[in-house]
Amino acid sequence: MGAELTITGCTPADYAEICTLQEGLWAGGPDGNHAYLKWKYHANPYLDERYTVIARSPSAEGAELLGMVGVFGSCWERDGRRFTLPCLTDTILASEYRNSPLFHDMVDEVLSRLRRDGVPWLLDFGDQGTVPAMLIRGWRQVGVWGQSVVTRAAGAGHHGPWDALPVTRGVRSGSLISPARTPDLDAMAGVVREVPTDGRLRVARDSAYFDWRASNPLAKYYYLVARSEAGSAEGYLVAHRSGVDTDQGPTPTTVVECEARTPEVCADLIQVAHESLPGTRVLMWTRDLADAGVSVLAGLGAEFIEPTGRPTQDRPLPSLLIRETGAPPLAAGLPDLSRLDGWDFRGVSGRGWR
């Protein structure tokens, strides 16, 4: 970075300029972008915006905002212990700096702040196109994993309010699957508590997390809950669409989470979701998905996209990068974070966090 540029933390006084610069990414308008900024960083239950940084031009030129790198908090658990891990997100640069070192300079400042505070790792569920440059600068790619894509005709899915979708009986489990426009926090958290742990690091999902995610002002969420005849929650599914696109617009609908007590309940939720959700494309991560769910997707004509090992071809696929900050790692309690098989991603999707 040229010596004339400055990189600092962001404050509420910077929000208006950040929202203007981020319009190309968030597309929520001044009010929507401001609400998103407050939700993503200030209202995050695990970490405030202390590690989000901005870059400005020389003060003699009016100190114009040139870039931002956001960092928000994610909470993970393993064997009853919880860990907050910061995630890199919401990066954008002024057009004249998009092929400059400014992005990496801002990330270096983030790493310095994390190191100063004794935080050993930074995560990035990132853009595959940036992987080669990030690997050169010390990042490690934990892995890339596959997804399914179901392409439907325009106008497919349920029409009308989502909560007016009829209750459906699952053909495999017999459970009653009901739609909702808001999360049933107790039911969802109860299902997660009953899902056995397997020693991998997984997203900590409780009522606080579900409530925070649902408050994203630039997202539309669609919920399904499966219940037994007696009324107990047996599983749930969460899907996401951009809140600034129409139901049949170009952005995909993404199943960001599907959790259930049995594979049969999970398969029924997946089928109802893919038959009923709006959008011409429905995406779902297929890593850790049981055979019953894969079979449903295949029967719906899904295209299964698996990693090729070539970043240019794998760019649409989900991926995790990790960077050591230089701070001493935590004492025993976390697995080797650079191994893909040490992570359970069933409760997280990049689109679920934006």
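This is a predicted model: local features need pLDDT of at least 70, side-chain atom pairs count only at pLDDT 80 or more; totals for chains, interfaces and linings use all residues.

Student: OK. How do strand 3 and strand 4 pair, and over how many bridges?

Tutor: They pair in the antiparallel sense, over 11 bridges. Strand 3 covers residues 65–78, and strand 4 covers residues 81–93.

Student: What do strand 3 and strand 4 form, and how many residues sit between them?

Tutor: A hairpin, with 2 residues between the strands. D79 is in the turn and has a positive phi of about 50 degrees.

Student: Zoom out. How many helices and strands does the chain have?

Tutor: There are 10 helices and 17 strands. The radius of gyration is 21 Å, close to the 20 Å that the globule rule gives for 354 residues, so the chain is as compact as a globular protein of that length.

Student: And what box do the C-alpha atoms fill?

Tutor: Roughly 65 × 45 × 40 Å, along the principal axes.

Student: Now the open sheet. What is the strand order?

Tutor: The order is 8-9-11-12-13-14-7-15. That makes 8 strands, with mixed pairing.

Student: Which are the edge strands?

Tutor: Strand 8 (168–169) and strand 15 (303–305). Each pairs on one side only.

Student: Pick a pair inside that order. How do strand 11 and strand 12 run?

Tutor: Antiparallel, joined by 9 bridges. Strand 11 spans residues 219–227 and strand 12 spans residues 233–242. Y222 stands opposite A239 in strand 12.

Student: Switching to helices. At what angle do helix 8 and helix 9 pack?

Tutor: About 25 degrees, with the axes 8 Å apart. Helix 8 is residues 263–276 and helix 9 is residues 291–299. Angles under 35 degrees count as roughly parallel, so helix 8 and helix 9 are roughly parallel to each other.

Student: Is the crossing of helix 8 and helix 9 left-handed or right-handed?

Tutor: Right-handed. Helix 8 makes the contact with P263, A267, I270, Q271 and H274. Helix 9 brings A292, G293, V296 and L297. By class, the contact has 6 nonpolar, 3 polar and no charged residues.

Student: What about helix 6 and helix 7: at what angle do they cross?

Tutor: Roughly 125 degrees, and their axes come within 9 Å. The helices are residues 185–194 and residues 207–214. They are therefore oblique to each other. This crossing is right-handed.

Student: Which residues make the contact of helix 6 and helix 7?

Tutor: From helix 6, L185, D186, M188, A189 and V192. From helix 7, S207, F210, D211 and R213. They divide into 5 nonpolar, 1 polar and 3 charged.

Terms used:
Residues are numbered from 1 along each chain as its sequence is written. Side-chain values use heavy atoms; hydrogens and water are left out. Axes are lines fitted to C-alpha atoms, for helices over the stretch in contact, and angles run from 0 to 180 degrees between N-to-C directions. Helices (H or I, at least four residues) and strands (E, at least two) are DSSP runs, numbered from the N terminus. Angles under 35 degrees count as roughly parallel, over 145 as roughly antiparallel, 65 to 115 as roughly perpendicular and the rest as oblique. A crossing is left-handed if the near helix is turned anticlockwise from the far one by less than a right angle, and right-handed if clockwise. Contact means heavy atoms within 4.5 Å. Ala, Val, Leu, Ile, Met, Phe, Trp, Tyr, Cys and Pro count as nonpolar, Asp, Glu, Lys and Arg as charged, and the others, Gly among them, as polar. Two strands pair if DSSP finds at least two bridges between them. The radius of gyration is taken over C-alpha atoms; the globule rule is 2.2 Å times the number of residues to the power 0.38.
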